[in-house]
Amino acid sequence: MYIFICALCINGLYGSSAFFPGLLTNLLYNVYTISYNFCILQIFCLYVYVNLEMSILTVMAFDRYVCICNPLRYNIIMSQPMAYKLLAAACCYSVSIMIIHIMLTVRLPLCGTVILKIYCDNWSVVRLSCIDTSINNIFGLFLSFCTQIIMLSLILFSYIYILRACSKASQEVISKAMNTCVPQLITTINFVTNVLFEVFFYRYVSSIVPYEVRTFISVYGLLVSFILNPLIYGLKMTELRERIFKLFKLNRISLQNHC
């Protein structure tokens, strides 16, 4: 479980490095332009972050399912080598699928230069194209289906079986299960809600959603996830919270002794 939480935090650091430098540059220097190459790079990094985040959340849901529904086989099924293999598969999937996505985008000649967002996203660039973009649209929907719908279904099925198992267990077991599952559910619901809005509402019904609302939700989806995950897992999980407090206490004692 801690291996996956660590991977989630590292992915958050990676995603924030693709989003915040450009945003801070715009705010500090009042510059609202971006080069085409950097725009493509930002798209690649942000989309890899989104796909990898969803993949890690899916693996974490499977990990909790095995732990709660098959506890006697947990150390066999979810060994450390298996955890690293699952994370490696998630990384390979996220990177490879985005390489294809970017290759389909960079082939398009552009007739416009204005993106109605504060960061680059693939659909905003595709909409500026002068030629037919049906292939991009089909592949984008396919990618969204694989990453969001299928993985979300796997997460939901995992937690349905977890709830069924908890309904037959004691109150102590239910309390321990909820202590680890609730943070993941909050993270998943927050993340998936924003991604689905970006994918479907922005692409198909953006005309009925005010520009200010679209901008707020776009920023919220990226900004809050980076802040929410450390808070949820750092404060909700007892073992992690105790280790953090112990670490700060040791550092404080060490500093006082040094002084």
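This is a predicted model: local features need pLDDT of at least 70, side-chain atom pairs count only at pLDDT 80 or more; totals for chains, interfaces and linings use all residues.
I will start with the charged side chains. Side chains of opposite charge can pair when their charged atoms come close. In this model there is 1 salt bridge. The partners are aspartate 63 and arginine 64, and their closest N and O atoms are 2.8 Å apart. Are these two residues buried or exposed? Aspartate 63 is buried, and arginine 64 is buried as well.

Next, the helices. Two packed helices are described by the angle between their axes and the distance between the axes. The pair here is H1, residues 2-29, and H4, residues 80-106. Their axes come within 10 Å and cross at roughly 25°. Angles under 35 degrees count as roughly parallel, so H1 and H4 are roughly parallel to each other. As for handedness, the crossing of H1 and H4 is right-handed.

Which residues meet there? From H1 we have Ile3, Phe4 and Ala7, and from H4 we have Gln80, Ala83, Tyr84 and Leu87. Sorted by class, the contact of H1 with H4 has 6 nonpolar residues, 1 polar residue and no charged residues.

Last, a residue in H4, alanine 89. The relative accessible area of alanine 89 is 46%. Buried would need under 20% and exposed over 50%, so alanine 89 is partly exposed. Alanine 89 can also be placed relative to serine 55: the two are 34 residues apart in sequence, and their C-alpha atoms are 9.1 Å apart in space.

Conventions:
Residues are numbered from 1 along each chain as its sequence is written. Side-chain values use heavy atoms; hydrogens and water are left out. A salt bridge is a side-chain nitrogen of Lys or Arg within 4 Å of a carboxyl oxygen of Asp or Glu. Buried means under 20% relative accessible area, exposed over 50%, partly exposed in between (1.4 Å probe, protein chains only). Axes are lines fitted to C-alpha atoms, for helices over the stretch in contact, and angles run from 0 to 180 degrees between N-to-C directions. Helices (H or I, at least four residues) and strands (E, at least two) are DSSP runs, numbered from the N terminus. Angles under 35 degrees count as roughly parallel, over 145 as roughly antiparallel, 65 to 115 as roughly perpendicular and the rest as oblique. A crossing is left-handed if the near helix is turned anticlockwise from the far one by less than a right angle, and right-handed if clockwise. Contact means heavy atoms within 4.5 Å. Ala, Val, Leu, Ile, Met, Phe, Trp, Tyr, Cys and Pro count as nonpolar, Asp, Glu, Lys and Arg as charged, and the others, Gly among them, as polar.
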